[in-house]
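Trainee: I have the model open. Please show me how to read its features, with the cut-offs.

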Amino acid sequence: MPDELARFLEAHPQTTHLDAVLFDLCGNAYGKRMPRAHMAKFFAAGSPICAAMSLVDVQGNTADPMGYGFSDGDPDATVMPVAGTLVPVPWNAGVAQVLCAPASASSGEPFWYDPRSVLSQTVSILHGAGLRPVVAAELEFYLIDQVRGDDGAPLPVKSPKTGIAETAGKVLSLAKLDEYQPFISAVEAACTAQGIPSSTIISEYGAGQFEVNLEHRDDPVKAADDACLLRRVIQSVARQFGMEATFMSKPFPDMAGSGLHVHASLLGADGQNLFDDRRADGQATLGHAVAGLQATMAEAMAIFAPNLNVFRRFAANNFTPVTRDWGENNRSVAFRVPVSSGASRRIEHRASGAEANPYLVIAAVLAGMHHGMENRLDPGPMHTGNAGAEIDADLPLTPWNSLRALRAATILPRWLGADYPAIYASVKEAEFAAFMGSASRREYEWYL
């Protein structure tokens, strides 16, 4: 790592500061900024940071989940830079950035409740079974105005070309991409500078809504790094252009929601895709993986939908999965098999909201797939029509029911860690209780 730093500073002599970046349970970036004079020491020995930061809620508060935060004296962790992640920050001249991993200050062991460590553990289990997951994420988001409405609600973004607020989306519109091309080009340039493998970008259904795709990686941890860092890039670049970007699932109740879609396949010991439909067992193996996702969907829903707003996506006839169905080339199902064959055969998991933590979402997806394959579960027949006409009453599509299902999980603990579902639920239960502690405008309109 000191060699990596030396090479970087030689290539970027204008660097004055370094951001040490981590991502918490909610997928929000945190860390510290240090001057150039401190970088060598940091790369050699790391730096202390509050250990409970991996367990804060969306507001950055700790509720002392399972005794971590107050009861244990709020100790420091030691954060160390992750090799190969030192990059420039294009939107902040002179600043560099490196991903970090927290570990015990006394033993050096990774924290079992750090989201990146949770995914690393999950991947290790699959590697131990001779499986190599290949993963990519798609992220949807809205560009919005920097000014808020009188009630605090977001206002639609103004077109850079016309200055007029967007009123409706134009799905797959190339003209809309042209209007926002300076912003799009800046996002692509930042991704290139930071080694984030972004690919296709499209205009989505909502007013000012877009989707960015990421390339597949055979390292799911890096794929999750990509998704977390891409969100940071998009939000930072948007501010440069006088806009804001939000990954809130339903910022506009009457418009399309934003999701985090995960594409996943599994390679065997021979390096070949186990879902390849040219293999004698390829389609059956894919079906087993889908069945595992069906079996774990309820347990994992609190991870896929981490706040009240995400659940507003789950409505009938809304291209958001409200059942456990699977299907080929069908966007109404939870587990879609895109048009693909051979080495590219894969599953698209469509349940997560855009603000969900990518490390935890990917961990839950891989856990479900492996569970189904180990137990040779049957996914049932593919759905060939609209699977979203009626909501599956057995799915926990409220925050309180989803957290209850996660606490009662019997499958996910093996892959995420024995105590991780409970500690995640503790954080989110406290967050939801704090959220409900204040009366909403509608309460006064309805009940006063």
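Trainee: Is Trp112 buried, partly exposed or exposed?

Mentor: First, the ground rules. This is a predicted model, in which local features need pLDDT of at least 70, side-chain atom pairs count only at pLDDT 80 or more, and totals for chains, interfaces and linings use all residues. Residues are numbered from 1 along each chain as its sequence is written, and side-chain values use heavy atoms, with hydrogens and water left out. Now the scale: buried means under 20% relative accessible area, exposed over 50%, and partly exposed in between (1.4 Å probe, protein chains only). Trp112 has a relative accessible area of 31%, so the residue is partly exposed.

Trainee: How many aromatic pairs are there?

Mentor: A pair of aromatic rings is described by the distance of the centres and the angle of the planes. Rings of Phe, Tyr and Trp (its six-membered ring) pair if their centres lie within 6.5 Å; planes under 30 degrees apart count as stacked, over 60 as edge-to-face and the rest as tilted. By this rule there are 17 aromatic pairs. Take Tyr68 and Trp112: the ring centres are 5.9 Å apart and the planes stand at 75°, so this pair is edge-to-face.

Trainee: Which parts does the pair of Tyr68 and Trp112 tie together?

Mentor: Helices (H or I, at least four residues) and strands (E, at least two) are DSSP runs, numbered from the N terminus. Tyr68 is in the loop between strand E3 (47-50) and strand E4 (76-81). Trp112 is in the loop between strand E6 (95-104) and helix H3 (115-128). The pair therefore ties together parts that are 44 residues apart in sequence. Tyr68 is partly exposed, at 26% relative accessible area.

Trainee: What is the geometry of the pair Tyr180 and Phe210?

Mentor: The centres of these two rings, Tyr180 and Phe210, are 5.2 Å apart, with planes at 65°, so the pair is edge-to-face. Tyr180 lies in the loop between helix H4 (174-179) and helix H5 (181-194), and Phe210 lies in strand E10, so parts 30 residues apart in sequence are tied together. Tyr180 is buried at 0% relative accessibility. Phe210 is buried too, at 1%. Both belong to one aromatic cluster, formed by Phe141, Tyr180, Phe183, Phe210, Phe241 and Phe247.

Trainee: Which ring does the charged end of Arg313 sit over?

Mentor: A charge sits over a ring if NZ of Lys or CZ of Arg is within 6 Å of the ring centre and within 35 degrees of the ring normal. The charged end of Arg313 sits over the ring of Phe314, 5.5 Å from its centre. Arg414 lies over the face of Trp415, at 4.3 Å from the ring centre.

Trainee: Where is the kink in H7 centred?

Mentor: Start with length. The expected span of a helix is 1.5 Å times one less than its number of residues. Helix H7 (residues 282-304) has 23 residues, and a straight helix would reach 33 Å, but the end C-alpha atoms of H7 are only 27 Å apart. Now the bend: at a residue, it is the angle between axes fitted to the seven residues ending there and the seven starting there. H7 has a kink of about 65°, centred on Ala298. H7 is mostly covered, with 20 of its 23 residues buried.

Trainee: What span should H6 have?

Mentor: Helix H6 (residues 220-240) has 21 residues and should span 30 Å; its end C-alpha atoms are 30 Å apart, which agrees. H6 is mostly covered, with 17 of its 21 residues buried. Just after H6, Gly242 takes a positive phi of about 75°.

Trainee: How do E9 and E10 run?

Mentor: Two strands pair if DSSP finds at least two bridges between them. Strand E9 (residues 198-203) and strand E10 (residues 209-214) run antiparallel, joined by four bridges. Ile202 stands opposite Glu211 in E10. E9 and E10 form a hairpin with five residues between them, and Gly208 in the turn has a positive phi of about 80°.

Trainee: How many residues of E15 are buried?

Mentor: In strand E15 (residues 347-353), seven of the seven residues are buried, so E15 is largely enclosed by the rest of the structure. Five bridges join E15 to strand E12 (residues 259-267), and the two run antiparallel. Ala264 has Ile347 in E15 as its bridge partner. Strand E14 (residues 335-337) also pairs with E15 in the antiparallel sense, over two bridges. There, Phe335 stands opposite His349 in E15.
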